[in-house]
Amino acid sequence: MNSLRVLWIFLRVGIMNEAQYRVNFFVQLLQSAIALATGLIVLALVFSYTESLNSWSQPELLIVMGVHTLMGGLIQVIIQPNMLRLMREIQEGTLDYMLTKPEDSQVLVSVRELRFWSIVDVAVGLAIVGWGMQRLASPVTLAQVLLFLLMLGLGFLIFYSFWLLVASTAFWFIRISEIVTIFQSLFQAGRWPVGIYPVWLRTILTFVVPLGVAVTVPAEAFTNRLSTGGLFLAVGVTALFFGASRGVWLWGLRNYSGASA
Amino acid sequence: MTGKRMRSRFNEIKFLTAFYSLRVKYAALLVFQYRLATFLWVVGLIVEPVIYLVIWSTVAREQGGIIGGYTLADFTAYYLVWMILRVVNIGLHPGAFEWRVRNGRWSHLLLRPLHPIHDDIAFLIGNKALDFVILIPILILLGLFFRPDLNPTGWQILLFIIACLLGFLVRTVWQWALGLTTFWVVRVQAIFDLYFAIELLLSGRIVPLDLLPDWAQRLANFLPYQWSFGFPIEVAIGRQTWSQAVTGIGIQLCWIVGGWILVMFLWRRGVKRYSAVGA
Amino acid sequence: MYAISVDNLSKSFFVPIREAGLRASFRSLFKREHREVLAVQNVSFSLEPGEMVGFLGPNGAGKTTTLKMLSGLLHPTAGEVEVMGFTPTGRDKEYLRQMTLIMGNRHQLIWDIPALDSFELNRAIYRIPHDEYLQTRDEFIDLLDLQEIVTKPVRNLSLGERMKVEIVAALLHRPKILFLDEPTIGLDVAMQRRIREFVKTYNERYQATVMLTSHYMADIEALCRRVIVIHNGQILFDGALADLVKRYSANRRLVVTGPAVAADFSRYGVVVESGSGRVVLNVPRADAANVTSRMLHDMPEIDLLIEDPAIEDVIEDLFAGAGMGASDERDPLAR
């Protein structure tokens, strides 16, 4: 469990470091507020024309939006900054320093950077989920909450694995940062339940950029939409992505050492 | 005297034309070196309108196939043309100004006998060449696939082209004015976010303006945003009569001139301030 | 008429005071305290047309600040500047077309296209007549051997190659006034020499007035007969380079060669170097003649050479001199 200890130390240092820059906190607070207001206005606009969107009610869509915001926050806090740095270092060939350390390289490259103040988005996301829960027609059960948390955890793992997979491609392709742009525009699609999209897009959002599993599925935990099949799909997709990213990472590392030797 | 002034005006125009044509050419050549990046960028761009299109089509379908005068085919037309405008409208992100201040980039731009806004505008025009090369086949494909209700007449196409160009200038000039605030205050990221959030809602970007509540439509009339998105799109999909379109182009011109005056005013002040504290 | 005249020029900056600690940094979010830093104080000098002057001083002395005021990038806090009859901060386009500022660590060329295309763009920006442009361009390309280089994208060039094309781009409009701020920084010795020679040729052909700062004394020695020394924002010396040495070096160097170099020379002066068949002594300037004749008297078989110390050493002594210890304060502009 040494990896966990390393992870904790890095996180702590990262938080202490970022806590100095309080301006960032205010900037983030404003940015989150603006994004939240925009999201709510759009939702209100849609529901000014209709009672339900593809059978999703307004509180249910609030939960989807909450999960989306939360996930976006987590990606900003820890996943994206680390992976961007990783890509940069692979391209510039400066990754060697990390590889000489006596610890699992994947753990190390995943926890070096922290944009702590984006945690605001996580809090905002949770608040929206809570708000949506309150307005649901049927009361929420403890089982649902546990299922939700489990799915959230899987969702986080999926995004992490997805990003590691993308970052690892930098071992072979230069200038991969455009993938980031594509991810960011596709990520916006997760604001809505993927079920409303046409089949081709839904397929992309499940297996290529697994937003559906990582955002819609946790929200489904509260809305009684999550079937056993859906649960297995989520676990399966997570395992698939996690395994694939680990494999590609290790493969890329071998490639890297070979190239720089 | 007036003859002399005329001649200097004429020289100025000749000079700017020469500069623009060269700068546009080089910016276009430049972007062809990043074919993959540009391709991925354009592909990523399609996601946004597809999301809006799906949502509003879903809503329309649940309301019997039409809302706010837009049928499903109208929505499709709207968001297909939207993609053209999205590419046309790319301006300098105001964040780039912060970057220029922080990295001392203005020094170099200030030393040249040319207003930097010309450099930016010309660059942005040339920079789009490849975007269009990629976008046009995609649009044709999407058009065949989605069957939009899009049958513009000759004059609509002509006015649409003019409206696009002017829309680009409206957006660029106002973003430039906003960006210039970084001469006075730093860390204005949140203000830029606010600017773009309002644009998203009140420009016709996320939803056609006709679908907004009345008060929001009235508010939009006092802002420049719709002249870069909603208006040109509506010209193309035939929701503006000839006289409405011509009037709209006039209003676009007014926003450009207004923004230009603001830019020149802020620029003079900003440079003075910039050169007081350290370039 | 002078090409550049500077009268009682001063520039001060207000820089925020940063205190350590979380509470202080939080407080500074709302209320910032400032401190005035005098970057340049009452500086006056003037340059004749066609003159090349070296501008010397340690980091933070105010060199860059002064050059930026001369090129119009900075507003002076007080004093007058006139260059070619213009007030630089007016940023008159006529003025901008007659001057150039080259900074060794700043780059203006477009990264992804060949330098030749950037030249073409500068032709448009500076409104250079086509024939004149072609002539100047080819002349510079010849002088600096750039035929192969100018057609490659700038990003593929080495640092030295890039500096050469930067300089060409900055001089295509044949400016009458050149401000060169560390133009050779980070380049190898051969490349430095190349650029030096080019600046010299340019100055001779176009009678340009040049103000140059450099950390490399070789640049200054090769190009400038006159130097202005600035320290802590004030002018310490303005005159011929040779006079600077005479005036500020307390010592001369005696270089002894010959059979007797194993002898003890410490009774004649401070031995700074000995071995490999020679001995170098530092002797107070006033005593030099005296010591020399004593040595020749004591050891008639030796060869003796009297030198001025290296200019670097003179300058170092000058800045380290009484009452003006080298300041650690960084030039607020040297970012």
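Biologist: How many helices and strands does chain C have?
Modeller: Chain C has 11 helices and 13 strands; both are DSSP runs numbered from the N terminus, with helices (H or I) of at least four residues and strands (E) of at least two. This is a predicted model, where local features need pLDDT of at least 70, side-chain atom pairs count only at pLDDT 80 or more, and totals for chains, interfaces and linings use all residues. Residues are numbered from 1 along each chain as its sequence is written, chains are lettered from A and ligands numbered from 1 in the order written, and side-chain values use heavy atoms, without hydrogens and water.

Biologist: What share of chain C is buried?
Modeller: Of its 335 residues, 50% count as buried, meaning under 20% relative accessible area with a 1.4 Å probe and protein chains only.

Biologist: New topic: what is the strand order in the open sheet of four?
Modeller: In chain C the order is β11-β12-β10-β13, with antiparallel pairing. Two strands pair if DSSP finds at least two bridges between them.

Biologist: Why is one side of β11 and of β13 left without a neighbour in the sheet?
Modeller: β11 (270–275) and β13 (303–307) of chain C are at the edges with a single partner strand each, so one side of each has no neighbour there.

Biologist: Which residue is the bridge partner of C:Val255?
Modeller: C:Leu305, in β13(C). Strand β10 (residues 251–257) of chain C pairs with β13(C) over five bridges.

Biologist: Which helix packs on the sheet?
Modeller: Helix α10 (residues 288–298) of chain C, touching β10, β12 (278–284) and β13 of chain C. Contact means heavy atoms within 4.5 Å.

Methods:
Axes fitted to C-alpha atoms, helices over the stretch in contact; angles between N-to-C directions.
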